[in-house]
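Please keep the sequence and the structure in view while reading.

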Amino acid sequence: MSTMSDSNRVIIFDTTMRDGEQSPGASMNLHEKLRIAEVLEEMGVDVIEAGFPIASPGDFEAVNEIAKLVKNSTVCGLARASHADIERAADALKPAKRGRIHTFLSTSPLHMKYKLQMEPEQVYNLLIDSITYARKFTDDIEWSPEDGSRTEHDFLCRCVEAAIRAGATTINIPDTVGYAIPEEFAALITMLKNRVPNIDKAIISVHCHNDLGLAVANSLAAVKAGARQVECTINGLGERAGNAAMEEIVMALKTRQDYLPYVSNVKTEHITKASRLVSGTTGFVVQPNKAIVGANAFAHESGIHQDGMLKNSQTYEIMTPESVGLTESKLVLGKHSGRHAFREKLKDLGYDLGDNALNDAFKRFKDLADLKKDVFDEDIAALVDDTVVRTNDRIKVVSFEVLCGTNHRNPKAELELEIDGEVKRASAVGDGPIDAAFNAVKALVPHKANLQLYQVHAVTQGTDAQAEVTVRLEENGKSVNGQGADTDTMVASTKAYVNALNKLLVKRQKTAPSALSA
Ligand code: KIV
Ligand code: ZN
């Protein structure tokens, strides 16, 4: 609990599942979004922007299901300045304990002229109409003047004043194209505070994109100038170069209390888990030198640094790894560990599995413990994620073998898949073992989806580590990410490919697997 006054509290608004998902390839399915929402709520995030309900039935369903699930955070849905958008957002948010409609309209000369093809006066009237209409559904209305940082100041002040008069309770100033510079962006917030007569009736929020690498700096400068909500995403996921990274914002607030005397509600020890979840789900790898969550963020390689660290960790460490939830890789369970210990371990790691999933995961854990000398927390997490990811799959890998090496110019894969309960077999050759494996899958499940990404990541160190593979497939402009984990990289790859196909099937709802290429 914070000891500071409410005036120093910064509301953390997460838009990983809305703006974050807008990055090409970063699609998440309902199950994945529910898991992310759970983790965000556990972390203490104040507002979760769960999607753009009118954008697709999938977005509507995600906002609606998250609204049912989440109890402590406010759940928010995005809407353009139209009655249809606002009604759809309000419908999706109906089950929410606390629901917010976030409506937006461009106000910069460029956007008004070319994107909206509207006169400023029309924009002004439309924003009043949309906010007034949204107020019929909830008192919690956020309004954003899109491209706010490139909007003429007089017009921005008029619009913001009118938006608050119409009932907006949060005014979010977006740097939509990541154009602002910190001093300039802070001055914009100061200008609004000085010139908009009713500004004290709303919370000022900021939403910064990272095109110039300044999203976090701009957000923090705005907080110093009086903004009290920051919109951000886990790992900085988002359109183009992304949004302000939540982990960087909250750790800057926590670490530099001397200069930034503001607090957030976020329990920073959950950061690493959230980062791994979002990266694993989207296939967007975190760069090793990324602040806070990169693999090297707390690694000290040089002898001088290591020496300093041993004498006093503060010599080279401004935050502790524990403060972001990064603990030593723990050796957990061995092959003699029982179901009870396994269940307790899962609880510690934040998993709450039903009986069937628990049985599957336990069986896989036993198999893994037979293969791998040391089983770590990360192994258990990868194994459980892998089991959960596959729960509703219509196509399952039954068996897989591949023949490859210097003596096999054309590697050959033998594959058995269970498709809607029926086991089918195929063999195929390829340029390499992965190509052969994927060709065998294609022989059993013909399709025309394009492979956009194939990525392997080692869960722990050592040559006996599990491989975690992500496969991204694209079909008709829609992409899905499949995941697979196994100590055998070929098996993990085949599982990931099959998982991606299952997700494509769900997107097409109720089609027979053989009709994937139709
Ligand atoms: O970047 C942007 O302007 C947005 C708005 C919808 C807030 O994402
Ligand atoms: Zn944005």
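## Helices H1 and H10

Helix H1 passes helix H10 in a left-handed crossing; a crossing is left-handed if the near helix is turned anticlockwise from the far one by less than a right angle, and right-handed if clockwise. The model is predicted: local features need pLDDT of at least 70 and side-chain atom pairs count only at pLDDT 80 or more, while totals for chains, interfaces and linings use all residues. Side-chain values use heavy atoms, with hydrogens and water left out, residues are numbered from 1 along each chain as its sequence is written, and chains are lettered from A and ligands numbered from 1 in the order in which they are written. Helices (H or I, at least four residues) and strands (E, at least two) are DSSP runs numbered from the N terminus.

H1 and H10 (residues 271–282) pack at an angle of about 165 degrees, and their axes are 10 Å apart. Axes are lines fitted to C-alpha atoms, for helices over the stretch in contact, and angles run from 0 to 180 degrees between N-to-C directions. The two helices are therefore roughly antiparallel to each other (under 35 degrees counts as roughly parallel, over 145 as roughly antiparallel, 65 to 115 as roughly perpendicular and the rest as oblique). On the H1 side, Glu 32, Arg 35, Ile 36, Val 39, Glu 42 and Met 43 meet Ile 271, Lys 273, Ala 274, Leu 277, Val 278 and Thr 281 of H10, where contact means heavy atoms within 4.5 Å. By class, this contact of H1 with H10 has 7 nonpolar, 1 polar and 4 charged residues. Ala, Val, Leu, Ile, Met, Phe, Trp, Tyr, Cys and Pro count as nonpolar, Asp, Glu, Lys and Arg as charged, and the others, Gly among them, as polar.

Arg 35, a residue of H1, is buried, with a relative accessible area of 18%. Buried means under 20% relative accessible area, exposed over 50%, and partly exposed in between (1.4 Å probe, protein chains only). Not counting residues up to four places away in sequence, Arg 35 touches Lys 273, Leu 277, Gly 350 and Tyr 351.

## Helices H13 and H14

The axes of H13 (residues 355–371) and H14 (residues 377–389) come within 9 Å and cross at roughly 135 degrees. That makes H13 oblique to H14. The crossing of H13 past H14 is right-handed. Residues of H13 in the contact include Ala 357, Phe 365 and Leu 368, and those of H14 include Ile 380, Leu 383 and Val 384.

Asp 19 lies in the loop between strand S1 (11–14) and helix H1 (30–43), and His 209 in the loop between strand S7 (203–208) and helix H8 (215–225), so the pair ties together parts that are 190 residues apart in sequence. Both Asp 19 and His 209 are buried.

## Two residues with positive phi

Most residues other than glycine have a negative phi. Gln 117, however, has a phi near 50 degrees. Gln 117 is placed in the loop between helix H4 (109–116) and helix H5 (120–134) and counts as exposed at 65% relative accessibility.

Asp 420 also has a positive phi, near 50 degrees. Asp 420 is found in the loop between strand S10 (412–419) and strand S11 (422–429), and at 45% relative accessibility Asp 420 counts as partly exposed.
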